[in-house]
Amino acid sequence: MYIDIHTHAFHPKIAHKAVDHLNNFYSLTCTGDGTIAHLLERERKAGLDKCVVLCAATAPAQVIPANNYAISLQREHPDQVIAFGTVHPGYEKWEAELERIKAAGIRGIKLHPDFQSFRLDDPRLLPIFEAAQKDFVFEIHIGDQTLPDKNPSCPYKLAAIMRQFPGIRVIAAHFGGYHMWAHALTALSGGRFENLWFDTSSTTPFATPVLAKKLFNSFPREHILFGTDWPLYDPAEELQRLQKLGRLSDGEMQDIMSNASALLAETHPQVKSHPDH
């Protein structure tokens, strides 16, 4: 099964505002309009079977609405969408919320410390990681264009979490560190963390062939997952750019596109098998 592990879709009423924010924040022009309909259209055209849609609450008060939207997306598009919900260390009733989204079929949690305004080493996250690690896969935004000590989500903070919770399953977004790939190689490479995966999102527009080679050679190939960060980038274009930049064979690309199945199958029954892939 071919899976795009890193996408975003927004409620139609706010999709245009969300895309405008992304354009301004990242100084780019998104390729998608931010709606689930456009996302699924582009995934089908690229030959992908499913996409993980990530929802993150920018404030504690947004935890319930964000998770309600994640639940609705997965229910309305069960054959194509795997939704990840969210938590926030400032939300006091996080234990009950974990139980609620688990009962609703959500088995993934997205954290974006930079947008959610907390640090990945916030001690309030520790009991959340402890409670959620058996039932959920975490997708965590890592990196930014700042020094590690000033960055809320640098690779070193993630490495500390992986050492403290060796059983937690984490997907490190953006090859382990958006614009911090040298630090990601230092802190996370070599397969030192058994339960750590890396997605390829928001990397190919910036990486050189030399850096791409280092990334592909330094992380376990079976732990590299295809991700687009849609609506920032288009799935078909990302597949082409990734293959060219990494000098990957068709077979290697197929492996990267399907690696997420092995990770998600334990917690997401809908990805266990597919007649074609």
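Here are some friendly notes on the pockets, cores, helices and backbone details of this predicted model.

1. **Ground rules.** Residues are numbered from 1 along each chain as its sequence is written, and side-chain values use heavy atoms, with hydrogens and water left out. As this is a predicted model, local features need pLDDT of at least 70 and side-chain atom pairs count only at pLDDT 80 or more, while totals for chains, interfaces and linings use all residues.

2. **The annotated span.** The UniProt record, an unreviewed entry, carries the annotation "domain: Amidohydrolase-related" over residues 66–259. UniProt positions are given in the numbering used here, feature names are shortened, and annotations may be inferred rather than shown by experiment. In the model, the span 66–259 is 42% helix and 12% strand, and its end C-alpha atoms lie 27 Å apart. Helices (H or I, at least four residues) and strands (E, at least two) are DSSP runs, numbered from the N terminus.

3. **The largest pocket.** A pocket here is an open set of points on a 1 Å grid over the protein atoms alone, where a 1.4 Å probe fits, with protein on both sides within 12 Å along at least five of seven lines; lining residues have an atom within 4 Å of a point. The largest pocket has a volume of about 690 Å³, a volume being the space filled by probe spheres set on the points, which are joined across faces, edges and corners. Its lining counts 26 residues, with Phe10, Leu54, Cys55, Ala56 and Thr58 nearest the centre. Helix H1 (15–26) and helix H3 (63–76) are the elements that give two or more residues to this lining, and H1 gives the most, with four. By type, the lining of the largest pocket has 15 nonpolar, nine polar and two charged residues (Ala, Val, Leu, Ile, Met, Phe, Trp, Tyr, Cys and Pro count as nonpolar, Asp, Glu, Lys and Arg as charged, and the others, Gly among them, as polar).

4. **The second largest pocket.** This pocket has a volume of about 170 Å³. Among the residues that line it are Pro209, Lys213, Phe216, Arg221, Arg247 and Glu252. Helix H9 (209–218) and helix H10 (235–246) each give two or more residues to the lining, and H9 has the largest share, five residues. The lining of the second largest pocket divides into five nonpolar, two polar and four charged residues.

5. **Nonpolar cores.** A core is a set of buried Ala, Val, Leu, Ile, Met, Phe, Trp, Tyr and Cys residues joined through side-chain atoms within 4.5 Å. Buried means under 20% relative accessible area, exposed over 50%, and partly exposed in between (1.4 Å probe, protein chains only). In the largest core, of 70 residues, Phe129, Phe138, Leu158, Leu188, Leu196 and Phe219 touch the most other members. H3 provides the largest share of this core, six residues. A second, separate core has 16 residues, including Ile82, Leu225, Leu263 and Val271.

6. **Helix H8.** Trp181, Ala184, Leu185, Ala187 and Leu188 are the buried residues of H8 (residues 181–188). They pack against helix H7 (155–164), strand E7 (196–199) and H9.

7. **Helix H2.** The buried residues of H2 (residues 36–46) include Ile36, His38, Arg42 and Glu43. The partners of H2's buried residues are strand E1 (3–7), strand E2 (50–54), H3, strand E3 (81–86) and H10. Gly47 follows H2, and its phi is positive, near 85 degrees.

8. **Asp199.** This residue lies in strand E7 and counts as buried because its relative accessibility is 0%. Leaving aside neighbours within four places in sequence, Asp199 is in contact with residues including His6, Glu139, His174 and Leu225 (contact means heavy atoms within 4.5 Å).

9. **Backbone points to check by eye.** Most residues other than glycine have a negative phi, and most peptide bonds are trans. Trp230 and Pro231 are joined by a cis peptide bond, with omega about 15 degrees. Pro231 is in the loop between strand E8 (224–225) and H10, and Asp229 lies in the loop between E8 and H10 as well. Asp229 has a positive phi of about 65 degrees although it is not a glycine, and at 7% relative accessibility Asp229 counts as buried. Arg247, in the loop between H10 and helix H11 (250–264), has a positive phi near 50 degrees; Arg247 is exposed, with a relative accessible area of 72%.
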